[in-house]
Amino acid sequence: MNFHHTSPILRIKDLHRSIEYYQNQLGFSVDWTHDNNFASLTRGNANILLCEGDQGLGKAWIYIGVGDCEVLYQEYLQSGAIIKQKPTNFPWALEIQVEDLDENVIRFGSDPIIHK
């Protein structure tokens, strides 16, 4: 049995505003929209689904692995993304946390910095 990547569904209030934020501040591309209340967005191999006013309770947290959190952090500083946590080193990953317009949190993580 093969499993594929997950596609979290994030509850949002305004699909059009959220799509603009995910595109302009977070660098995602729109794959498709449906009935003006549902959309699929991707960046690299990461996929997020947005649903306006349905499916879930809101304020979800998701994790996306990336190649380099420091580089992504610099990109997000320039784009005006809502930074919740600057790059922080943990035993499992170097992480940043970013919020969307509806306070959903995306944790981006890359290899931890190993101190010798």
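In what order do the four strands of the open sheet lie? The order is β1-β4-β3-β2, with mixed pairing; helices (H or I, at least four residues) and strands (E, at least two) are DSSP runs numbered from the N terminus, and two strands pair if DSSP finds at least two bridges between them. The model is predicted, so that local features need pLDDT of at least 70 and side-chain atom pairs count only at pLDDT 80 or more, whereas totals for chains, interfaces and linings use all residues. Residues are numbered from 1 along each chain as its sequence is written, and side-chain values use heavy atoms, without hydrogens and water.

The edges of the sheet are formed by β1 (9-12) and β2 (29-34), each of which pairs on one side only. Neighbouring strands are turned by 25° against each other on average, direction ignored; axes are lines fitted to C-alpha atoms, for helices over the stretch in contact, with angles from 0 to 180 degrees between N-to-C directions. Strands β2 and β3 (residues 38-43) run antiparallel and are joined by five bridges, with Ser29 opposite Thr42 of β3. Helix α1 (residues 15-24) lies across β1, β2, β3 and β4 (46-52), at about 160° to β4 (contact: heavy atoms within 4.5 Å).

Five aromatic pairs are present (rings of Phe, Tyr and Trp, the last by its six-membered ring, with centres within 6.5 Å; stacked under 30 degrees between planes, edge-to-face over 60, the rest tilted). Among them, Tyr22 and Phe28 are edge-to-face, at 5.8 Å centre to centre and 75° between the planes. Both Tyr22 and Phe28 are buried (under 20% relative accessible area; exposed over 50%, partly exposed in between; 1.4 Å probe, protein chains only). Ring pairs link Tyr21, Tyr22 and Phe28 into a cluster. Trp32 and Phe38 are stacked, at 5.9 Å and 15°. Trp32 counts as partly exposed because its relative accessibility is 40%, whereas Phe38, at 15%, counts as buried.
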